[in-house]
Amino acid sequence: MTARFKTGDRVSVRRADPIGHIRTPHYVRGKTGEVERLCGEFANPEELAFGRSGLPRQPMYRVRFLQTDIWPDYRGRPSDTVDVEIYQHWLEAAKQG
């Protein structure tokens, strides 16, 4: 599968709550961050958990979020970040604005 995003792209994580093994943390769903890097392509663990092939392989990205965007009550520095590795099928281009 072709990587849709590149380093520096702003992306939003889909809001979804599917049943089963989900690798994308709930606390970043619906949040917007920046692609820090493309980590490579891997079998989809959400499919592997059900004994399926995990194909097609999915690009996985390291996405950087400001902690204040995830946790509004965060009391650390406003520039503090958290990085999360997220598969492409969970991401969409962030809306401008």
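**Strand pairing and overall fold**

Strand β1 (residues 10–13) pairs with strand β2 (residues 32–42) in the antiparallel sense, over three bridges. Strands are DSSP runs of E with at least two residues, helices are runs of H or I with at least four, and both are numbered from the N terminus. Two strands count as paired if DSSP finds at least two bridges between them. The model is predicted: local features need pLDDT of at least 70, side-chain atom pairs count only at pLDDT 80 or more, and totals for chains, interfaces and linings use all residues. Residues are numbered from 1 along each chain as its sequence is written, and side-chain values use heavy atoms, leaving out hydrogens and water.

Ser12 stands opposite Thr32 in β2. Strand β2 also runs antiparallel to strand β3 (residues 58–66), joined by seven bridges. Gly40 has Met60 in β3 as its bridge partner.

The protein has two helices and five strands. Their order along the sequence is β-β-α-β-α-β-β. The radius of gyration, taken over C-alpha atoms, is 14 Å, close to the 13 Å that the globule rule gives for 97 residues, so the protein is as compact as a globular protein of that length. That rule is 2.2 Å times the number of residues to the power 0.38. The C-alpha atoms fill a box of roughly 45 × 25 × 20 Å along the principal axes.

Contacts (heavy atoms within 4.5 Å) were also counted by separation. Among those with a separation of 6 or more, 61% join residues 24 or more positions apart.
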